[in-house]
Amino acid sequence: MAADSGNGVLAALADERVDHRFKGLPPDAEGLTVGELAAERRNLFEGGFTTPLLSLSAERLEHNLRLMETYAERHGLVFAPHGKTSMAPQLFRRQIEHGAWGITLAVPHQVRVARAFGVQRVFLANEVVDAAALAWVSAQMAADPSFRFVCYVDSVRGVELMDAALRGLSSRPVDVVVELAAGEGARTGVRTEAECGVVADAVARVETLRLVGVAGYEGEVPDADPERVRAWLRRLTALAVDFDKAGRFAGAGLDEIVVSAGGSAWFDAVADVFAELPELSLPALKLLRSGAYVSHDDGHYREVTPFVRVPEEGALQPAFRLWAQVVSRPSPEQAFANAGKRDAAYDLDLPVVQVVRGEGGERSADGVTVVSLSDQHAWIRTDAGAVLEVGDWVGMGLSHPCTSFDKWQLIPVVEQDGTVVDYVRTYF
């Protein structure tokens, strides 16, 4: 789907009716369109919203988008943020408006979502060997000459399966990059440079695929630290240089060579090492793929973001806040709120209570700690002197954006004064 058609589909999101599918939205908004509800600019705390409720900060989203745009520009990187974080086409579009080359994705279904909303460049950070998915990709490429699709290959068997699925289809060759594994015991990817050459040779033998570069994911480096991560990244850039010297990119009609890495924990190392890449026979497309930055978080990524190591480059801001209501206070040391595993990310860290809202307005959450989650309850420990009553709302920070977005289909975007100005639709 072309970008202009995608704009129309994005605009049509405002025509979706508000109903029981969407957690936390005001019951009296039933039957309104999303656009009509947004136009009412309701207050998150006084406008009839129910708990549990996940919100996104309008100001912090914009800050994070701008920060990574300028970071990529400053370091000569092309940015394709990982869309599996949010699976929110509205955020895809904003990322592209903020300079993103395209969107990275993980599985074919996610590519279908991106294409439905007009994304014109997709980097699929995985090997695709599903014949039906490859046939769909080929049809998309045939129907839209401006659609750019790149995916991994990491085995001769994978090349053979891709070739078998694509042979006979009337389309351009599918662009592929050889994935270099981050080390023994890491996730996917070819384990050695010699084996990478074997996979590249397999690509060269078929007409359905075109080798356009190399890629990998430094976040899987075993016992990762700055030295180990940079050492692996130098293996990746050396592989690109060796492939280029061997003529593996010659004669394929390329105008650039893709060299790609970059999760959300080590993009400073990617920037440093990619800056060392020698001149190749064609311009290098130095493709960064960090995704968690868009919302950031109050847990894991707050600790591991490179901006902790390079504070002079700026700082991301956590944009999520999960609101829940205290529904039980069975003892002075214990309380329960009505948000649990169905609502909050819990795979890396538990939610952190940041603020309490009661009849007197907002107050400190000192001494109020989430210690466990059930399906629909947060178990809260309260220290002596902590003020927490049944009916209070607790605002919580979350850890791990990827497992926060996926629990919510429609997320209010809230300005600092509590005004809800938009709603972000997700597609998981």
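Among the residues of helix 3, Ala58, Leu61, Asn64, Leu65, Leu67, Met68, Glu69, Tyr71 and Ala72 are buried, where buried means under 20% relative accessible area, exposed means over 50% and partly exposed lies in between (1.4 Å probe, protein chains only). Helices (H or I, at least four residues) and strands (E, at least two) are DSSP runs, numbered from the N terminus. This is a predicted model, in which local features need pLDDT of at least 70 and side-chain atom pairs count only at pLDDT 80 or more, while totals for chains, interfaces and linings use all residues. Residues are numbered from 1 along each chain as its sequence is written, and side-chain values use heavy atoms, with hydrogens and water left out.

Helix 3 has 17 residues, which at 1.5 Å a residue should span 24 Å; the end C-alpha atoms are 25 Å apart, in agreement. The expected span is 1.5 Å times one less than the number of residues. Just after helix 3, Gly76 has a positive phi of about 65°.

**Helix pairs**

Two packed helices are described by the angle between their axes and the distance between the axes. Axes are lines fitted to C-alpha atoms, for helices over the stretch in contact, and angles run from 0 to 180 degrees between N-to-C directions.

Helix 3 (residues 58–74) packs on helix 4 (residues 89–97) at an angle of about 45°, with the axes 9 Å apart. Helix 3 and helix 4 are therefore oblique to each other; angles under 35 degrees count as roughly parallel, over 145 as roughly antiparallel, 65 to 115 as roughly perpendicular and the rest as oblique. The crossing of helix 3 with helix 4 is right-handed. A crossing is left-handed if the near helix is turned anticlockwise from the far one by less than a right angle, and right-handed if clockwise. In the contact (heavy atoms within 4.5 Å), Leu61, Glu62 and Leu65 of helix 3 meet Leu91, Arg94 and Gln95 of helix 4. These residues divide into three nonpolar, one polar and two charged. Ala, Val, Leu, Ile, Met, Phe, Trp, Tyr, Cys and Pro count as nonpolar, Asp, Glu, Lys and Arg as charged, and the others, Gly among them, as polar.

Helix 5 (residues 108–116) and helix 6 (residues 131–143) pack at about 25°, with an axis separation of 10 Å. Helix 5 and helix 6 are therefore roughly parallel, and their crossing is left-handed. Helix 5 contributes Pro108, Val111, Arg112 and Arg115 to the contact, and helix 6 contributes Ala133, Trp136 and Gln140. By class, this contact has four nonpolar, one polar and two charged residues.

Seven of the nine residues of helix 10 (residues 267–275) are buried, so helix 10 is largely enclosed by the rest of the structure. The buried residues are Phe267, Asp268, Ala269, Val270, Ala271, Val273 and Phe274. Their cover includes helix 3, helix 9 (226–245), strand 8 (257–261), strand 9 (284–288) and helix 12 (306–309).

Ala80 and Val270 are 190 residues apart along the chain, and their C-alpha atoms are separated by 14 Å. Ala80 lies in the loop between strand 2 (78–79) and helix 4. Leaving aside neighbours within four places in sequence, Ala80 is in contact with Trp101, Gly102, Ile103, Thr104, Leu287, Leu288 and Arg289.

**Accessibility of single residues**

| Residue | Relative accessible area | Class |
|---|---|---|
| Ala80 | 0% | buried |
| Met87 | 1% | buried |
| Val353 | 8% | buried |
| His400 | 13% | buried |
| Arg302 | 42% | partly exposed |

Val353 is in strand 12 (residues 352–358). Beyond four places in sequence, Val353 contacts Ala365, Val368, Val370, Val394, Gly395 and Met396. Arg302 belongs to helix 11 (residues 300–304). Not counting residues up to four places away in sequence, Arg302 touches His296, Asp297 and Val308.

**Backbone exceptions**

Met87, in the loop between strand 2 and helix 4, has a positive phi near 45° and is not a glycine. His400 is likewise not a glycine, and its phi is positive at about 85°. His400 sits in the loop between strand 16 (393–397) and helix 13 (402–405). Which form does the peptide bond from Thr51 to Pro52 take? The bond is cis, with omega near 0°. Pro52 lies in the loop between helix 2 (34–39) and strand 1 (53–57).
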